[in-house]
Amino acid sequence: MDFDVNYLLAQWPALFAGLLMTLRVSLLAIGFSLLIGVLGGGVRALRVPLLGPAVALYVEVIRNTPILVQLFFIFYGLPAIGLELSLFWSGVLCLSLWAGAYQVENVRGGLATVEWGMHEAAFALSLRPWHYFCLIALPIAFRTSLPAMLNTAISLLKNSSYLQAIGLAELTFVAVDRIATDFRALEMFSAICVLYLALVALLALAAGRLAAHLQRPFRP
Amino acid sequence: MSRVLQVRGLRKHFGEHEVIKGVDLDVEAGEVVVIIGPSGSGKSTFIRCLNSLEAPSAGDVQVHGGSAAHAGDRKALAKLREEVGMVFQDYTLFPHMSVLANIMLAPVKLGRMNKAQARDTALALLERVGLRHKAEGYPAQLSGGQQQRVAIVRALAMKPKLLLFDEPTSALDPETVNEVLNVMKALASEGMTMVVVTHEMGFARDVADRVVFFDGGRIVETGPPAQIFSQPAEARTRQFLASVL
């Protein structure tokens with residue numbers, strides 16, 4: 001078998017640059033998608049008129065169209081209406097909107113598990129609705145939703161490889177680019193698989209720690 | 001004696017179904033009023049109307065020296081709620097917050113006290129119910145009786161003019177019922193004005209200044225415990241007491 005480790009070592013700087021790009025775009029998009037999730041999930045759970053159905057429509061559109069089509073729509077379609085974004089921000093926007101739709105549902109599901117008694121207790125203490133939402137419902141829901149949120153974040157990270165289709169120099173783009181000149185497909189794809197696995201493992205580790213932290217008050 | 005609570009012509013219906021059929025009630029400062037009655041008599045709905053957890057369909061509720069609220073006046077009802085504390089059957093402590101944070105939350109967020117004042121108040125109140133050592137603990141680490149005592153403290157921290165209890169011991173293990181009742185007795189003897197819905201007839205007899213027998217969405221009979229328990233005037237009251245005592 002012909003597996004050239006030295007070739008990979010020589011390509012490490014390029015791979016590392018791709019890895020950093022994947023990380024930057026993914027972490028930003030995870031942040032934005034959570035923001036979308038909290039706002040959208042709140043709007044859905046509170047049944048805000050007009051906004052609630054609008055969020056529901058957004059979720060349906062995103063979940064029922066291919067992410068690649070969404071990406072091309074943003075990168076090639078939006079400039080036609082004067083919205084021209086850089087490669088990087090097109091990527092961030094695409095991943096944020098895609099994962100945001102799933103995070104909306106994750107947050108909504110978490111909020112649905114918060115007992116009505118919590119609302120009554122907050123109400124009886126004269127706490128305002130936003131106190132209830134931000135300080136009571138959301139933290140309780142967050143603990144319930146965390147595993148689902150992590151799944152969505154992991155999917156986002158993996159889906160960042162679609163961004164090679166618009167030419168963003170992330171991990172998959174670097175690998176495909178090198179293979180086109182050096183024909184070392186086995187080495188390159190093995191390498192980026194390992195790197196993706198490592199990123200996902202790190203994300204899961206961080207979420208695991210957070211979950212343990214959130215779980216502490218609930219241990220007898 | 002000054003009047004703390006005045007209820008006039010209170011009605012509440014859910015759709016076609018009328019649950020409270022016109023209730024008048026006055027509660028004087030320092031008075032402990034215990035509401036008894038069969039399940040489904042509307043006594044829980046009634047007490048929930050007193051702090052507008054349920055919006056009354058008709059009638060008005062007035063907290064003396066504070067707000068008067070007619071049915072339908074949402075703003076006034078919300079104002080009224082700030083003067084009335086409530087303790088629920090299932091404690092409803094916020095599970096992700098420490099005992100101290102549960103108690104400090106409302107006074108701090110509503111600008112009643114700064115953090116240091118709220119903390120001092122909370123610790124002093126916890127001391128009184130024998131739970132100061134649990135201040136840093138979480139609700140899940142407490143027994144039901146301890147959680148309910150914390151819930152009472154949480155309501156007291158807002159310095160309410162009136163404290164409502166909706167079956168505060170119904171979810172408790174028999175052996176922890178007394179620790180909660182003792183806290184309520186102590187509050188009563190300190191002059192707290194209280195309206196209590198309960199099935200604890202012993203508490204009603206020993207602590208109440210006045211017992212209200214509720215049935216079919218109406219007050220059937222009201223009077224001092226000695227009278228209600230030994231010489232009830234109404235046949236329906238006698239029937240109920242015979243079945244629970």
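Predicted model: local features only at pLDDT ≥ 70, side-chain atom pairs only at ≥ 80, totals over all residues.
**Exercise 1.** Work out how helices α7 and α8 of chain A are placed against each other, and which residues meet between them.

*Solution.* Two packed helices are described by the angle between their axes and the distance between the axes. For α7(A), residues 171–182, and α8(A), residues 185–215, the angle is about 170° and the axes lie 9 Å apart. Angles over 145 degrees count as roughly antiparallel, and α7(A) and α8(A) are therefore roughly antiparallel to each other. The next step is to look at the residues themselves: α7(A) brings A:Leu171, A:Thr172, A:Ala175, A:Val176, A:Arg178 and A:Ile179, which meet A:Ala185, A:Met188, A:Phe189, A:Ile192, A:Leu195 and A:Tyr196 of α8(A). Sorted by class, this contact has 10 nonpolar residues, 1 polar and 1 charged.

**Exercise 2.** Trace the open sheet of 6 strands in chain B, and find the helices that pack on it.

*Solution.* First write down the strand order, which in chain B is β6-β7-β8-β3-β9-β10, with mixed pairing. The ends of this order are β6 (84–87) and β10 (218–223), edge strands with a single partner each, so one side of each is left without a neighbour in the sheet. Neighbouring strands are turned against each other by 20° on average, direction ignored.

**Exercise 3.** Which residues are the closest to the centre of the largest cavity, and which elements give two or more residues to its lining?

*Solution.* The structure holds 1 cavity of 30 Å³ or more, and the largest cavity has a volume of about 100 Å³. Of its 15 lining residues, A:Ala124, A:Leu125, B:Gly85, B:Met86 and B:Ala155 are the closest to the centre. The elements giving two or more residues are α5 (116–124) of chain A, together with β6 and α5 (144–156) of chain B. By class, the lining of the largest cavity divides into 10 nonpolar, 2 polar and 3 charged residues.

**Exercise 4.** Describe the largest pocket by its volume and its lining.

*Solution.* The volume of the largest pocket is about 930 Å³. Among its 27 lining residues, the closest to the centre are A:Leu46, A:Trp116, A:His119, A:Phe123 and A:Tyr132. Two or more lining residues come from each of α1 (5–45), α4 (87–112), α5 and α6 (129–159) of chain A and from α2 (74–81) of chain B, while the largest share, 5 residues, comes from α5(A). Sorting this lining by class gives 17 nonpolar, 2 polar and 8 charged residues.

Notes:
Residues numbered from 1 in each chain as written. Chains lettered and ligands numbered in written order. Heavy atoms only, no water. Axes fitted to C-alpha atoms, helices over the stretch in contact; angles between N-to-C directions. Helix = DSSP H or I, 4+ residues; strand = E, 2+ residues; numbered from the N terminus. Parallel < 35°, antiparallel > 145°, perpendicular 65-115°, else oblique. Contact = heavy atoms within 4.5 Å. Nonpolar A, V, L, I, M, F, W, Y, C, P; charged D, E, K, R; others polar. Pairing = 2+ DSSP bridges. 1 Å grid on protein atoms, 1.4 Å probe; cavity = no way out; pocket = protein on both sides within 12 Å on 5 of 7 lines; lining within 4 Å. Points joined across faces, edges and corners; volume = space filled by probe spheres on them.
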